[in-house]
Amino acid sequence: MPSETTPLVGKEDDLDMLRRLKAYQPWAFFVTFGGYMMAHFSRKSYSTIKTKLKDPDIGGFDPLVMATMDTVFMGTYAAGNIINGKLGDTFNPTTILSIGLFGSGICLLLLNISIWFDLVRVSAGFGNFFIIAVYFIFGFFQATGGPVGTAVMGNWFCDADSIKKRGTIFGFWTCHQYIGDITAQVFSPLIFILGLPYWWALLVPALCNVGWGFLTLGLVADPYESGIITPEVKIRMAKLEAKKKEAAESGETVDESGPPPISYVDAFKIPMVAQYALAFGFFKLVNYTMFFNLPQILEENFSPATANLIAALYSVGMMPGGIIVGYVSDLFGGRRAAVIGVFMCSLIVVMAIYAHLVDPSPFVLLPLLGLMGILVGGPNNIITSAVAADLASHPSVKGSTKSLGTVTGLINGCGSITASVGLLAIEPLKDIDIYYVWMYLIGCTAFGTLLMSTKIYAELYPPPSTSVDV
């Protein structure tokens, strides 16, 4: 009977399989990277024309309705991460990714239809319901790229060399969101410069999403589908053979497709999944607060234009953050929790410094906010990619390709819910004094780091003869 250590192919075949695996990895990276980039391109393009949409003489959208759209989107996006991660593990991940892209494109087209036919002026009740309903559905479609794309990446980057460099690989991969945001910030002004109607800023991303959806349909989600027998596939096949023998002895049948998708309960049973999901929520709360409120905070000392320019340094810093955390954690043998802990403790110091600054100059704020972006962006990016892949490689689910999407979706979805609830405290604290906002964020960062303390300790002081792998 084959075991997990029984070679299912010869050494020459192994080398051929590895060559084929390596040859396809860049394409898998490119397609999943582009798919998630399209999601951020779509979202940011909508944000860039909000002023036009609110203008009574142009879009005519009610500001309160637009605020409701944002709230609804955040809710469905959080739930969508959890649901889509499970769907990606249950059905063909490529199909789920393509549906997300097609759906996002259709939703943007529907928003354009509401603009073209001026639905909010024809019937305010129907028009407002229509755009809120579209954005409600939009959140679900937008949530496919994270958990399902991470699962596909995990399937293909499974060789020993890729696992050693997992942090660096996923660090570069998570730049998709910033490339998407930058693309939108460059493209939308170009629309205005060319004198085109503002709704082109929604139409072009819609067409790009649909086009990338067709490209994604051709993506192979699992090396096994191409006949590539990786170490993970070997374990999967060995376990299947063992189950077949047990079933034959008891007169039962076994599903030839392999192990069933992991359940939510079983996903939470994987060590550290629950702690990472909650910790990520507190870290994401810091990011959400900075993203939504930093320009307003800076306007206390600077003009709106200068405040937005300075705030952009925070976003710029986030892009290399994931790469740095990933690379450093690879250097230290995959000790990602320890590296994240160092980044979070450093962030607490930086936020404490900022909280006590009085009338700061731009020359002080620029490097401070750039550093803050690195410290926030790094852990946030790595937890939902490389860390999730580490967690889904736990021995309890070893050899299964039907766990990574669920684990990633749970971490991202639960984190988004925690962050959204935590945001409710920001406005009341701002009304008292902005100092208390920083103290609140420091407390959230410290609590999130404490949730990871057992993992950090295990990585720094591993028991004898055991590895630090999750």
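Colleague: How many residues does α11 have, and how far does it reach?
Modeller: α11 has 18 residues and reaches 26 Å from its first C-alpha to its last. That is close to the 26 Å expected at 1.5 Å a residue. The expected span is 1.5 Å times one less than the number of residues. Helices here are DSSP runs of H or I with at least four residues, numbered from the N terminus, while strands are E runs of at least two.

Colleague: What kind of model is this, and how are residues numbered?
Modeller: This is a predicted model, where local features need pLDDT of at least 70, side-chain atom pairs count only at pLDDT 80 or more, and totals for chains, interfaces and linings use all residues. Residues are numbered from 1 along each chain as its sequence is written, and side-chain values use heavy atoms, with hydrogens and water left out.

Colleague: Back to α11. Which of its residues are buried?
Modeller: A201, L202, L203, P205, A206, N209, W212, G213 and T216. Buried means under 20% relative accessible area, exposed means over 50%, and partly exposed is in between, using a 1.4 Å probe and protein chains only.

Colleague: How many cavities of 30 Å³ or more are there?
Modeller: The count is 1. A cavity is a set of points, on a 1 Å grid over the protein atoms alone, where a 1.4 Å probe fits but cannot get out. Points are joined across faces, edges and corners, and the volume is the space filled by probe spheres set on them.

Colleague: How much space is in the largest cavity, and what lines it?
Modeller: About 120 Å³. It has 16 lining residues, and G35, Y36, L101, T144 and G145 are the closest to its centre. A lining residue has an atom within 4 Å of a point.

Colleague: Which elements give two or more residues to that lining?
Modeller: α1 (11-48), α4 (93-116), α6 (124-142), α7 (145-156) and α11 (200-217). The largest share, 5 residues, comes from α1.

Colleague: How does the lining divide into nonpolar, polar and charged?
Modeller: There are 6 nonpolar residues, 10 polar and no charged. Ala, Val, Leu, Ile, Met, Phe, Trp, Tyr, Cys and Pro count as nonpolar, Asp, Glu, Lys and Arg as charged, and the others, Gly among them, as polar.

Colleague: New topic. How many aromatic pairs are there?
Modeller: The structure holds 22. Rings of Phe, Tyr and Trp (its six-membered ring) pair if their centres lie within 6.5 Å. Planes under 30 degrees apart count as stacked, over 60 as edge-to-face, and the rest as tilted.

Colleague: Why is the F126 and F130 pair called tilted?
Modeller: The planes are at 35°, so the pair is tilted, with ring centres 6.0 Å apart. Both residues lie in helix α6, 4 residues apart, about one turn of the helix. F126 is partly exposed at 48% relative accessibility, whereas F130 is buried at 18%.

Colleague: And what about Y435 and Y436?
Modeller: That pair is edge-to-face, because the planes are at 80°, and the centres lie 5.7 Å apart. Y435 is partly exposed at 29%, and so is Y436 at 41%.

Colleague: Which residues do ring pairs link into a cluster?
Modeller: Y46, F73, Y77, Y135 and F138.

Colleague: Last one. What is the phi of M272, and where does this residue lie?
Modeller: Phi of M272 is near 80°, a positive value in a residue other than glycine. Most residues other than glycine have a negative phi. M272 lies in the loop between α13 (264-269) and α14 (273-298), and is buried at 9%.

Methods:
On a 1 Å grid over the protein atoms alone, a cavity is a set of points where a 1.4 Å probe fits but cannot get out, and a pocket is an open set with protein on both sides within 12 Å along at least five of seven lines; lining residues have an atom within 4 Å of a point.
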